Amino acid sequence: MQSAATSVSVIPAQAGIQIGKVPIIRHLGLAGYVPTYQAMRRFTDSRGAKTPDELWVLEHPPVYTVGIAGRVEHFPRSGDIPVERVDRGGQITYHGPGQAIVYTLVDLARRGLTVRGMVSLIEQAVIEVLGTHGMGAERRNGAPGVYVDDAKIAALGLRVRHGCCYHGVALNVDMDLAPFSAIDPCGYPGLALTQTRAHGVLADAQGMGDELARRVARLIEGK
């Protein structure tokens, strides 16, 4: 893992490029949250009908992010980790090193995907990846994300603009889970959290992120 966050400089694909069925996967390493968020918005605003879809694989330095439904009663009760309000759905969550993040910059309209369909696709990708490591995982009705033994292991949230989505999924791999105790994760007081390392999976966040991105790409390819 890199010792310092990198800046994000992603050049959107230009109109006229041949569109492949498989999304482009980019590995951004340890990247600051705010510049990554800004880059996702720039990419989405500047993309055209022929811009290839992209999946960004990365980790973030410690940060809380709050979706458009965020309520202050769920905010941190202690600590000095920054809090960033963003335009994805959902409440508050935590990101930090050791968590595999895959941002999904996908033209839903072109793929014939609804928002619910994209959420289900991402959840299915997480479930399948965990299954290859011997972990049984499941969805919960009304609570997007993926759970193992009644504990949340992956959180997700999307934003759609002009038929295209951004933001994505965060899979807990081998991280410090303590900052979650200062908030009500995803708006649920006392929500139990877990991570792959706790279930004997030795792959690190970079490896799990790559696996997850490839699985998402494979499922999107079929659309």
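**Pocket, cavity and helices**

Modeller: Bear in mind that this is a predicted model. β5 (92-95), β6 (99-107), α3 (115-132), β8 (151-161) and β9 (164-172) each supply at least two residues of the lining of the largest pocket.

Biologist: Which of the elements supplies the largest share of that lining?
Modeller: β8 does, with five residues of the lining of the largest pocket.

Biologist: How much space lies in the largest pocket, and how many residues line it?
Modeller: The space is about 440 Å³. The lining has 28 residues, and Arg88, Gly89, Gly90, Leu156 and Gly157 lie nearest the centre of the pocket.

Biologist: What is the lining of the largest pocket by class?
Modeller: It has 16 nonpolar residues, 10 polar ones and two charged ones.

Biologist: Which residues line the largest cavity?
Modeller: Thr93, Gln99, Lys152, Ile153, Ala154, Ala155, Ala170, Asn172, Phe180, Pro185, Cys186 and Leu193. By class, eight are nonpolar, three polar and one charged.

Biologist: And which strand gives the most to the lining of the largest cavity?
Modeller: β8, with four residues. β8 and β9 each supply at least two residues of that lining.

Biologist: Asn172 is in that list. Where is Asn172 found?
Modeller: Asn172 is part of strand β9.

Biologist: Does Asn172 count as buried or exposed?
Modeller: Buried, because its relative accessibility is 3% and the cut-off for buried is under 20%.

Biologist: What does Asn172 touch, leaving out residues up to four places away in sequence?
Modeller: Gly98, Gln99, Lys152, Ile153, Leu177, Phe180, Leu193, Thr194, Gln195 and Thr196. Among the residues lining the largest cavity are Gln99, Lys152, Ile153, Phe180 and Leu193.

Biologist: Now helices. How many residues has α1, and what is its reach from first C-alpha to last?
Modeller: Helix α1 covers residues 33-46, which is 14 residues, and reaches 20 Å, close to the 20 Å expected at 1.5 Å a residue.

Biologist: Which residues of α1 are buried?
Modeller: Tyr33, Thr36, Tyr37, Ala39, Met40, Phe43 and Thr44. They are on the same side of α1, because they cover an arc of only 160 degrees around the axis.

Biologist: Why would residues three or four places apart point the same way?
Modeller: Because an α-helix has 3.6 residues a turn.

Biologist: On to α3. What span should its 18 residues have?
Modeller: At 1.5 Å a residue, α3 should span 26 Å, and its end C-alpha atoms are 26 Å apart, so the two agree.

Biologist: Which residues in α3 are buried, and what do they pack against?
Modeller: The buried ones are Met118, Val119, Leu121, Ile122, Glu123, Ala125, Val126, Ile127, Val129 and Leu130. The buried residues of α3 pack against β6, α2 (108-111), β7 (146-148), β8, β9 and α4 (205-221).

Biologist: What follows α3?
Modeller: Gly134, which has a positive phi, near 80 degrees.

Biologist: Last one. What separation do the C-alpha atoms of Gly112 and Gln99 have?
Modeller: They are separated by 30 Å, with the two residues 13 residues apart along the chain.

Note on methods: Residues numbered from 1 in each chain as written. Predicted model: local features only at pLDDT ≥ 70, side-chain atom pairs only at ≥ 80, totals over all residues. Heavy atoms only, no water. 1 Å grid on protein atoms, 1.4 Å probe; cavity = no way out; pocket = protein on both sides within 12 Å on 5 of 7 lines; lining within 4 Å. Points joined across faces, edges and corners; volume = space filled by probe spheres on them. Nonpolar A, V, L, I, M, F, W, Y, C, P; charged D, E, K, R; others polar. Buried < 20%, exposed > 50% of the residue type's maximum accessible area, 1.4 Å probe, protein only. Contact = heavy atoms within 4.5 Å. Expected span 1.5 Å × (residues − 1). Arc of directions from axis to C-beta.
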